Amino acid sequence: MSTSSTLVTREHFDYLRARTRAEDPFLTELRAAAVAAGIPAISIAPEQASFLQILLKGCGAKRVLEVGTLAGYSAIAMARALPPAAEGGDLLTLELLEKHGAFAREWAGRSDVGDRVEVRVGPAAETLATLPDRSRDVAFLDADKGGYRVYLEHCLRIVRPGGLILVDNAFAFGELFAEEPRDPEVGAVRDFNDHMARTAGLQGVIVPIGDGMWVAVVEPNTP
Ligand code: SAH
Ligand code: MG
């Protein structure tokens with residue numbers, strides 16, 4: 001197949017990271033504190049945080065939904081791309097585990113964007129069912145991969161037409177093509193990627209940043 005793509009290597013990732021706005025000291029500190037608290041080190045990459053901010057600023061997002069808070073790294077990063085709460089900036093992040101939710105709430109409160117971050121603890125599918133249609137400009141999915149299809153279904157309703165649906169870990173923790181993957185969620189990621197590609201009313205592409213991230217727009221003519 002003829003292609004004009006360049007094979008992206010570790011060297012390219014290091015190169016682009018060195019040319020992307022660096023992680024600020026607060027988020028570096030949060031990352032370290034999360035590890036010290038026994039929270040897994042699986043937050044998004046710093047250059048991915050910068051990319052998310054660019055996407056949010058580029059589409060003038062005000063109301064953002066995240067599924068999968070962990071320590072609040074991506075939530076705080078995204079909230080920084082939103083206007084203050086008084087001007088409509090609102091990031092709602094959903095987390096299953098009380099421990100993660102409490103940590104993220106504490107750090108969001110200490111950050112410069114505590115006004116616009118809300119952490120809600122519980123199974124994401126239950127909370128998503130309570131959110132109104134067309135109430136968010138952007139959704140970022142980054143929780144249990146087996147739940148992605150259900151989360152996407154909700155987001156197609158919750159995100160306004162013209163808004164974005166972003167989904168992390170499309171490269172399945174680096175094991176997308178592994179014959180015997182070690183991570184039990186790899187199969188769910190593969191199935192989800194195929195499903196996402198076929199979903200009507202969405203135009204998306206997997207962007208090879210971090211562990212691969214879907215960037216999709218909800219097509220405005222979706223009923
Ligand atoms: N977005 C974060 C990383 C999230 S890691 C960041 O980049 O900083 C995935 C998180 O999803 C974990 O904290 C996990 O506890 C949470 N999770 C797993 N199953 C969930 C569910 N059913 N509902 C909500 N959150 C869930
Ligand atoms: Mg992730």
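## Helix α8

Helix α8 covers residues 186-198, which is 13 residues, and spans 19 Å between its first and last C-alpha. That is close to the 18 Å expected at 1.5 Å a residue, the expected span being 1.5 Å times one less than the number of residues. Helices here are DSSP runs of H or I with at least four residues, strands are runs of E with at least two, and both are numbered from the N terminus.

Buried residues of α8 are Val 186, Val 189, Phe 192, Asn 193, His 195 and Met 196 (buried: under 20% relative accessible area, with a 1.4 Å probe and protein chains only). Their cover includes α7 (148-158), β5 (159-168), β6 (202-207) and β7 (213-218); contact means heavy atoms within 4.5 Å.

## Basis of the model

The model is predicted: local features need pLDDT of at least 70 and side-chain atom pairs pLDDT 80 or more, while totals for chains, interfaces and linings use all residues. Residues are numbered from 1 along each chain as its sequence is written, chains are lettered from A and ligands numbered from 1 in the order written, and side-chain values use heavy atoms, without hydrogens and water.

## Helices α2 and α5

The axes of α2 (residues 25-36) and α5 (residues 98-110) come within 12 Å and cross at roughly 155°. The two helices are therefore roughly antiparallel (over 145 degrees). On the α2 side, Phe 26, Glu 29, Leu 30, Ala 33 and Ala 34 make the contact, and on the α5 side Phe 103, Trp 107 and Arg 110.

## Thr 127

Thr 127 lies in helix α6 (residues 124-128). Its relative accessibility is 11%, so Thr 127 counts as buried.

Methods. Axes fitted to C-alpha atoms, helices over the stretch in contact; angles between N-to-C directions. Parallel < 35°, antiparallel > 145°, perpendicular 65-115°, else oblique. Buried < 20%, exposed > 50% of the residue type's maximum accessible area, 1.4 Å probe, protein only.
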